[in-house]
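Q: Please take a close look at one part of this model. Give me what surrounds it, with the cut-offs.

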Amino acid sequence: MLKTIALVTGGGDAPGLNAVIRAAVKTAVHEYGMRVIGVEDSFEGLLGETRVRELGPAEVRGLLPRGGTILGTRNRGAFVVRGPGGETKPEEVYREAVSNLERLGVDALVAIGGEGTLAIAHEFDRLGFPVVGVPKTIDNDLAATELTFGFMTALDIATEALDRLHTTAESHDRAMVLEVMGRHAGWIALHSGVSGGADLILLPEIPFSMAKVCEKVRQRDACGAQFSIIVAAEGAKEVEGGEHYVEAGDRSSAPRLGGVGHHVAYEIGRLTGKESRCVVLGHLQRGGSPNAFDRMLATNFGSAAVRALRRGQRGVMVALHAANIRTVPLRDAIANLKTVPPESQLVRTARDVGISFAAPDEERHHEHEPREEC
Ligand code: F6P
């Protein structure tokens, strides 16, 4: 019988983390009479003296619309060490955390995070400590769930940015590049590019050619639309080129992507003579209030995670499937990154409405010859 559960948030923050915490606390306390403990600063709060605090209904009041995480988070730390041979998970760190959890009287853990956090959670499960995961990330790159919370809010923010870039690009006859987040997956770029009416979308999954980018920009100029809007995923790469990084990473931290947007804007200017600018949307995509969808999804996930623990489920993640929440094995969630299938329906739709992915072999196949294409 579960008496006390702990909540931990890990990795980059995402809109909706506090909504999960609120829902989990309310469900645990009101529905099942459990005690809830919040672990501060991700799993790091479970080491040494431990940094934890009691969470009751009073502590979660007003949290639904609040961005960030009241528990704090880290996306580097002692639980994963990066070395020349890849990542390792130091056994003694996990044992210390588990023994601290036991000392605190915690029976089970709800780990809210992305791929890295859920991989750490999986280790707790392997050591026999009960854990349930909740999928978070603006990148939407977790396998085994149709959506992660945070993604829809990031998408709204990127789409609004594209709307705003349209008016300034049009006024100045410029090419504007918007670099969005997403790591090695192009979900934010693809979805915002379609919903924000971009002319080009550059994805990690479809390597692009600068010649094709310029061709599209010139084509738009030629047919009277004197501006172009380009969305570049931070992980986008040129054919025969690599990803762009602003930081190489070290023993404790992953390399940081960034720079492809500036590169593309510079190259458009150089190769076409067209005035070009780049905007890096960055952490604006993660900050602030979750939208209505993410509040709902986060609440559903938080509550479902507690119910899963209560049912006796362990080593699983709550996941969205056909508008319902179900549970999937944690190992399935972390097995692969979910990336954009280059032949997916939305990619096809984007092409149908005139968006280019600047693939070297990209040809427009029309059922009849179009008069002009802007
Ligand atoms: O995974 C979420 C994310 O925002 C990525 O899209 C981005 O590459 C990364 O985190 C940035 O992390 P940091 O918080 O270290 O800048």
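A: Phe 293 is found in helix H8 (residues 292-310). Helices (H or I, at least four residues) and strands (E, at least two) are DSSP runs, numbered from the N terminus. The model is predicted: local features need pLDDT of at least 70, side-chain atom pairs count only at pLDDT 80 or more, and totals for chains, interfaces and linings use all residues. Residues are numbered from 1 along each chain as its sequence is written, and side-chain values use heavy atoms, with hydrogens and water left out.

Phe 293 is partly exposed, at a relative accessible area of 30%. Here buried means under 20% relative accessible area, exposed means over 50%, and partly exposed is in between (1.4 Å probe, protein chains only). Phe 293 touches Leu 147 and Met 152, leaving aside residues up to four places away in sequence. Contact means heavy atoms within 4.5 Å. Asp 250 is 43 residues from Phe 293 in sequence, and their C-alpha atoms are 36 Å apart in space.

H7 covers residues 260-272. Its 13 residues should span 18 Å at 1.5 Å a residue, and its end C-alpha atoms are 18 Å apart, which agrees. The expected span is 1.5 Å times one less than the number of residues.

Which residues of H7 are buried? They are Val 260, Gly 261, Val 264, Ala 265, Glu 267 and Ile 268. Seen down the axis of H7, these buried residues fall within an arc of 165°, so they line one face of the helix. The arc is that of the directions from the helix axis to the C-beta atoms. An α-helix has 3.6 residues a turn, so residues three or four places apart point the same way. Tyr 266 and Arg 270 are exposed on the other side of H7.

The buried residues of H7 have several partners. They pack against strands E8 (175-180), E9 (200-202), E10 (228-233) and E13 (276-280), and against helix H6 (210-222). Just after H7 comes Gly 273, with a positive phi of about 80°.

Take E13 next. Ser 276 lies in this strand. Ser 276 is buried, with a relative accessible area of 13%. Its side chain reaches the backbone oxygen of Lys 274 at 3.1 Å. A polar contact is a pair of N or O atoms within 3.5 Å; within protein, one must be able to donate a hydrogen and the other to accept it, and residues adjacent in sequence count only if both atoms are side-chain atoms. Ser 276 also touches Ala 175, Ala 265, Ile 268 and Gly 269, not counting residues up to four places away in sequence.

H6 is the helix partner. H6 has 13 residues and reaches 18 Å from its first C-alpha to its last, close to the 18 Å expected at 1.5 Å a residue. Buried in H6 are Met 210, Lys 212, Val 213, Cys 214, Lys 216, Val 217 and Arg 220. Their cover includes E9, E10 and H7.

Is Lys 212 buried or exposed? Lys 212, a residue of H6, counts as buried at 13% relative accessibility. Lys 212 touches Ala 358, Ala 359, Pro 360, Glu 362 and Glu 363, again leaving out residues up to four places away in sequence.

H5 (residues 187-195) has its own buried set: Trp 187, Ile 188, Ala 189, Leu 190, Ser 192 and Gly 193. What covers them includes H4, E8, E9, E10 and helix H10 (345-352). Gly 197 follows H5, and its phi is positive, near 65°.

Two residues other than glycine also have positive phi. Asp 41, at about 55°, sits in the loop between strand E2 (35-39) and strand E3 (52-54). Asp 41 counts as buried at 16% relative accessibility. Ala 144, with phi near 75°, sits in the loop between strand E7 (131-135) and helix H4 (151-172). Ala 144 counts as partly exposed at 25% relative accessibility.

Last, the ligand. Around it are Asn 75, Ile 138, Asp 139, Met 181, Gly 182, Arg 183, Glu 234, His 283 and Arg 286. A backbone N or O atom of Gly 182 lies 3.1 Å from a ligand oxygen atom. His 283 has a polar side-chain atom 2.8 Å from an oxygen atom of the ligand. Arg 286 likewise places a polar side-chain atom 2.8 Å from an oxygen atom of the ligand. Taken alone, the ligand exposes 400 Å², and the protein buries 79% of that. Accessible areas come from the Shrake-Rupley method with a 1.4 Å probe; for residues, only the protein chains shown count as cover.

Technical notes:
A residue is near a molecule or strand if one of its heavy atoms lies within 4 Å of it.
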